[in-house]
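Please examine the sequence and the structure before reading on.

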Amino acid sequence: MIAVVEIGGRQYRVTPNEKIEVELMDTEAGKSVKLNRVLMVASSDTEATIGKPYVDGASVEATVVE
């Protein structure tokens with residue numbers, strides 16, 4: 001599973017259990033966040049859903065590390 005999410009005006013490609021560094025996140029370390037600005041979701045190399053601009057009903061759950 002791959003997703004492209006928008007955080008703080010920037011786009012990030014994310015996969016399960018991947019750590020990414022983002023800017024402008026006003027959340028305490030250890031807290032979970034639900035990212036609703038999902039631009040694209042792909043379950044395989046040949047199947048993807050692209051939003052207009054966001055994918056309806058899609059979200060990504062993440063935990064702030066620091």
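What percentage of the 66 residues of the protein count as buried? The share is 27%, where buried means under 20% relative accessible area with a 1.4 Å probe and protein chains only. The model is predicted: local features need pLDDT of at least 70, side-chain atom pairs count only at pLDDT 80 or more, and totals for chains, interfaces and linings use all residues. Residues are numbered from 1 along each chain as its sequence is written, and side-chain values use heavy atoms, without hydrogens and water.

**Strands**

The protein has six strands and zero helices; strands (E, at least two residues) and helices (H or I, at least four residues) are DSSP runs, numbered from the N terminus. β3 pairs with β6 in the antiparallel sense over four bridges; pairing requires at least two DSSP bridges between two strands. Within this pair, V33 stands opposite A62 in β6.

**Overall dimensions**

The C-alpha trace spans about 35 × 20 × 20 Å along its principal axes. Contacts (heavy atoms within 4.5 Å) with a separation of 6 or more come to 46% from residues 24 or more positions apart.

| Class | Residues in the lining |
|---|---|
| Nonpolar (Ala, Val, Leu, Ile, Met, Phe, Trp, Tyr, Cys, Pro) | 16 residues |
| Polar (the others, Gly among them) | five residues |

How values were computed
Buried means under 20% relative accessible area, exposed over 50%, partly exposed in between (1.4 Å probe, protein chains only).
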